[in-house]
Amino acid sequence: MKENDAVGLSSLIFNIVHGSTVDGWGVRTTVFLKGCPLRCLWCCNPEGQKKYAELKYTADDCNGCGNCVPACPKKAISMTPGRDAKALIDRELCDNCMICADSCYVGALASFSKQYTVNELFSEIERDQGYFGEDGGVTVGGGEATLYPDFTLALIEKCRKAYIHTALDTCGYVTTETGMKCLEEADLVLYDVKGLDPDTHVRGTGVSNELILKNLRYRDSLGKEIIIRLPLIPGYTDSRENIAREAELISGLKSVKRVDIIPFHKYAEIKYRQLGWPLPYVFGEDFPEAREKSVLEVFLKAGINAQIGG
Ligand code: SF4
Ligand code: SF4
């Protein structure tokens, strides 16, 4: 892609983490693109699922001033009764226009995302170059960054020209030619594997794992670095059989440098509330620590470089 072709490309970004140490090698800047083809029941970034802007409402920050009620053209906001009144959002009526956010001086109403061009995002990344050192760089994730293949590829290419190490954090459900190019071009790929049983995978994520595993083998065949991420989700990915099958699969891959075991945790609960979504039923307890260790043992015994966490 020519430099000028990238100028007009833009994407919704729902988070930029500066100084991350959990998204690949070294110290990194991680950008999260909004939109994902999967609907994992345990999703820890639910605000990254939809491709459009969504209203974020933090009830704890609401002071009950009521400014937002008349501001909403859809009459989607009312106030709870009583002395500790709070705004209530009717998500059926709300069309995410964000007009109310301007009337909320305490920031209880805001957008979950912001539109960036490739160049704007690159400028943010460039400012962080001081802490990248030899190992660090940029990680492009989401959501699923390959849903915006032209944007992601342009960003990867721009970083490469500036000698910035690139990592792609992907669910592997890559369906386009340019998306596959992103998978090829990133210096490192962080690749999610969400279980090997096909039916359980569909129940847990909404899609088949066939394409995901095919794309994993393709990236592996290129001989370019992969870190595999294995979420440990009770009832979905934590059976002995699944863990053994994952260890067997990974033992047969040549480009996997590390396996990160990611136990389920509940820290995303707040985001579901901010979106006005019900909590998925898997949000019961955090994954037991003792079981994390026994899962780790399986990989270590198979000679795989593995760790708990990213
Ligand atoms: S985002 Fe728009 S429609 Fe939704 S509550 Fe705010 S003003 Fe109303
Ligand atoms: S404007 Fe903000 S602080 Fe005031 S009622 Fe609405 S959400 Fe609450």
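This is a predicted model: local features need pLDDT of at least 70, side-chain atom pairs count only at pLDDT 80 or more; totals for chains, interfaces and linings use all residues.
Let me begin with one residue, Y163, which counts as exposed at 79% relative accessibility, since the cut-off for exposed is over 50%. Y163 sits in the loop between α4 and β9, and although Y163 is not a glycine, its phi is positive, at about 60 degrees. To place that in context, most residues other than glycine have a negative phi, and most peptide bonds are trans.

A second residue of this kind is M98, which is not a glycine either and has a positive phi near 75 degrees. M98 belongs to the loop between β5 (87–89) and β6 (109–111). Is M98 buried or exposed? With a relative accessible area of 16%, M98 is buried, because the limit for that word is under 20%.

The backbone has another feature to point out, and this one concerns a peptide bond: the bond leading from G142 to G143 is cis, and its omega is near 20 degrees. If you want to find G143 on the screen, please look in the loop that runs between β8 (137–142) and α4 (149–161).

Let me turn now to empty space. Rolling a probe the size of a water molecule over the atoms shows where empty space is left. In the largest pocket, the volume comes to about 830 Å³. Its lining is made up of 33 residues, and those that lie nearest the centre are C44, N45, D169, D192 and R229. The elements that each give two or more residues to this lining are β1 (10–20), β9 (165–170), β11 (226–232) and β12 (256–263), and the largest share, 3 residues, comes from β1. If we sort the lining of the largest pocket by class, we find 17 nonpolar, 9 polar and 7 charged residues.

The second largest pocket holds about 160 Å³ of space. Around this second pocket there are 15 lining residues, and D197, T200, Y236, S239 and N242 are the closest to its centre. Two helices, α6 (198–205) and α8 (240–251), each supply at least two residues of the lining of the second largest pocket, and α8 gives the most, with 3 residues. By class, this lining has 3 nonpolar, 7 polar and 5 charged residues.

The largest cavity contains about 80 Å³ of space, and among the 15 residues that line it, C62, C65, C68, C104 and A108 lie nearest the centre. Which classes of residue make up the lining of the largest cavity? There are 10 nonpolar and 5 polar residues in that lining, and no charged residues.

Leaving aside neighbours within four places in sequence, V207 is in contact with P37, L38, Y173, H201, V202 and I212. By contrast, V207 and A162 are 45 residues apart along the chain, and their C-alpha atoms are separated by 36 Å.

That brings us to helix α7 itself, which covers residues 210–221, and here we can check a length step by step. The expected span is 1.5 Å times one less than the number of residues, so the 12 residues of α7 should span 16 Å, and the end C-alpha atoms, which are 17 Å apart, agree with this.

The buried residues of α7 are I212, L213, N215, L216, R219 and D220. Why can we say that these residues line one face of the helix? Seen down the axis of α7, the buried residues fall within an arc of 160 degrees, so they line one face. The face turned away from this buried side carries E210 and K214, which are exposed. What covers the buried residues of α7 includes α5 (177–185), β10 (188–192), α6, β11, α8 and β12. After the helix comes G223, with a positive phi near 75 degrees.

Conventions:
Residues are numbered from 1 along each chain as its sequence is written. Chains are lettered from A and ligands numbered from 1 in the order in which they are written. Side-chain values use heavy atoms; hydrogens and water are left out. On a 1 Å grid over the protein atoms alone, a cavity is a set of points where a 1.4 Å probe fits but cannot get out, and a pocket is an open set with protein on both sides within 12 Å along at least five of seven lines; lining residues have an atom within 4 Å of a point. Grid points are joined across faces, edges and corners, and a volume is the space filled by probe spheres set on the points. Helices (H or I, at least four residues) and strands (E, at least two) are DSSP runs, numbered from the N terminus. Ala, Val, Leu, Ile, Met, Phe, Trp, Tyr, Cys and Pro count as nonpolar, Asp, Glu, Lys and Arg as charged, and the others, Gly among them, as polar. Buried means under 20% relative accessible area, exposed over 50%, partly exposed in between (1.4 Å probe, protein chains only). The arc is that of the directions from the helix axis to the C-beta atoms. Contact means heavy atoms within 4.5 Å.
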